[in-house]
Amino acid sequence: MVYPADQGPKMSSAGTNQRAGDRTYRTLRSDILMGRLLPGQKLRLDELRKSYGASVSTLRELLSRLSSERLVLAEGQKGFEVAPVSISDLREIAELRMLLEVNALKDSIANGDLEWESRVLASHHKLAAIEAKRLAGDKDDTESWKRYDWQFHQALISACGSKRLMDAHAAVFDKYLRYQMLALSDRGEIAVREHEQLLACALNRDADAAVQVLRKHVAGGVAHAIANGTIPPDNRGCT
Amino acid sequence: MSGLQTLSEGVGDHCYRRIRQDIIFGRLAPGERLKLERMKDDYNVSLSTIRELLNRLSSEGLIMAEGRRGFEVSPVSEQDLRELASMRLLLESHALRNSFAEGDIEWEGRVVGAHHKLALLERKMLDGDHSQAQTWKRYDREFHHELISACGSRALLETHSTIYDNYLRYQIVAFIFRGQIAADEHRYMLECALKRDAERAISVLETHIQGCVEETLSRGLSG
C-alpha cells in the first residue's frame, strides 16, 4: 500500500505535482519506511526498473535523493542499498525525536487555537477507532494504524508556529516509524492510554504533563522495539 | 558501465557541493529561478544530474521544487530566519551539553585548533582585510561544529548541520560581521568548553545567535 498523495509521512511538499518521478519517489520511500524493502537490502537498478516501472536514470535520481535523507546508502560503484538499522541508531533517532517533539509540543499547547483543538480531536478519534479494532484482535491494517499514529502526533505539535521545526520533526519521525514497523512493535493498551492522556493534556493546556506522557511514550516504544530482538545492536564501524 | 557510473557520481558530488556553496554564499540569490538548461552549461553536467542535485537540495530546504514549473532558490524571510535561529539554538544547546560531558582530550584538541584558525581570520577581518570572508565563515562553522562534535549522535549532528547552513545563508545575504563582539563570544565559548561549563556556554550561544539575528534583520534581507 502507498500513502494517498495528501497523507502520510513527508507529504508537505508534494503539492499537485503528479510527475511519475515524484510518485515513484513516494512509493520507494514508503516501501522503505514500511519495511517492504528491508534494511541492508541491495537495490539493483535493473530490478527496480521492472518493479517500479521507472527509467534507470529516474531511479538513480530518486535513490540519491533518498540517500541524502539517509534512508538509502550510496556505495560508490557498488550501487545502492537500503540504510541498515541498529539499536544505537534507534536511540539517536528517538532522542532527536524527543528533543524536537517536546519543544514543539510546548509551543503548540501554548499557541493552539480552536482549529488546532479540532484537528487534535479529529486525529485522535481516527487513531482511537483503529486502536480499538486492534485491541479486539483485528490487526490487519498496520499501515493505517501507524499513519493515524503519525497524524495524531503531528496534529498535537501543528500549532508550534515553526515550519522548520515541523519539517525536521517529520523527517526524524519517519525514521522512527521505520523501526516500529521493523520490530512490529505494538504495546497495545499501554500506548492507547498514553494517547488518551496526551489528548487530555493538550485540551487542558497542561504542557508539562503532556511532555511527561510523551517522554514515557517514546521511551516505552524504544524499549519495546529493542526487546523484540529484531534490531542488531550496532553495525557501525565508526561514528 | 560501472566505470562510467563512478565517474558520473564523482562529478555529481562535486557539482552538488558547488551548487550548495553557491546558494549558501549568495551567488545564486534567494528566489532566483533555476533554469535547468543554463545550469547544465554553467556547471557542465548532464540535465538528469542537475535534476537529481536540485531534488537533493530541495530536501535540505535550500531549493524549492515547484511542481512542473521547475526549481528556485528558497526565498528568505524574517519568519524563516527566526525559525532557523531557534532551531539552531535548540539543537546546538542539546548537543553542547552532551558534547561537553563526553568530549575527551582529542575533542579538546579539535576545539582549540578550530578556534585558533577562526581567531586568526577574525583578527584579519577586524583589521579591515575582508578578502577571505568565505574562509572566515567556514572557520566559524567549523568551530561551532567542533564544539558539539563529541555529542555522540550522528542524527543530531546531521540535522544541526542542515539547519546551520540554511542559517548561514542569511548571514551571507546580509554580509554580517559583528567584529569584536562575536570574536569575544567565540572566545568565551572556547573557555566554557575547556572548563566543561555547558550551561554558561549555552547562555553565551543564545546571546551570540540573538545578536546575529538582530544584526541581520537590521541590515535588511533584500541586500
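**Exercise 1. Strand pairing in chain A**

Task: Find how many bridges join β1(A) to strand β3 of chain A, and name the partner of A:Leu43 in β3(A).

Solution:
- Two bridges join β1(A) to β3 (residues 80–82) of chain A, and these strands run antiparallel.
- A:Leu43 has A:Phe80 as its bridge partner in β3(A).
- Strands pair here if DSSP finds at least two bridges between them.
- This is a predicted model: local features need pLDDT of at least 70, side-chain atom pairs count only at pLDDT 80 or more, and totals for chains, interfaces and linings use all residues. Residues are numbered from 1 along each chain as its sequence is written, while chains are lettered from A and ligands numbered from 1 in the order in which they are written.

**Exercise 2. The sheet of chain A**

Task: Give the strand order in the sheet of chain A. Then explain why one side of β1 and of β2 is left without a neighbour.

Solution:
- The open sheet has three strands in the order β1-β3-β2 (chain A), with antiparallel pairing.
- β1 (42–43) and β2 (72–74) of chain A are at the edges and have a single partner strand each, so one side of each has no neighbour in the sheet.
- Strands of a sheet pair through backbone hydrogen bonds.

**Exercise 3. Chain A overall**

Task: List the elements of chain A in order, and state what share of its residues is buried.

Solution:
- Chain A has nine helices and three strands. Both are DSSP runs, numbered from the N terminus: helices are H or I with at least four residues, strands E with at least two.
- From the N terminus, the order is α-β-α-α-β-β-α-α-α-α-α-α.
- Of 239 residues in chain A, 41% are buried (20 or more other C-beta atoms within 10 Å of the residue's own, placed from the backbone).

**Exercise 4. Two helices of chain B**

Task: Describe how α2 and α3 of chain B cross, and which residues meet.

Solution:
- The axes of α2 (residues 36–43) and α3 (residues 47–59) of chain B come within 9 Å and cross at roughly 100 degrees. Axes are lines fitted to C-alpha atoms over the stretch in contact, with angles from 0 to 180 degrees between N-to-C directions.
- α2(B) and α3(B) are therefore roughly perpendicular (65 to 115 degrees).
- B:Leu36, B:Met39, B:Lys40 and B:Tyr43 of α2(B) meet B:Leu47, B:Ile50 and B:Arg51 of α3(B). Contact requires C-beta atoms, placed from the backbone, within 7 Å.

**Exercise 5. Domains of chain B**

Task: Locate the domains of chain B, and give the distance between their C-alpha centres.

Solution:
- Domain 1 covers 2–73 and domain 2 covers 78–219 of chain B; the bounds come from an automatic or database assignment.
- Their C-alpha centres lie 27 Å apart.
- Each domain of chain B gives eight residues to the contact.

Notes. Buried ≥ 20, exposed ≤ 12 C-beta atoms within 10 Å, placed from the backbone. Parallel < 35°, antiparallel > 145°, perpendicular 65-115°, else oblique. Contact = placed C-beta atoms within 7 Å.
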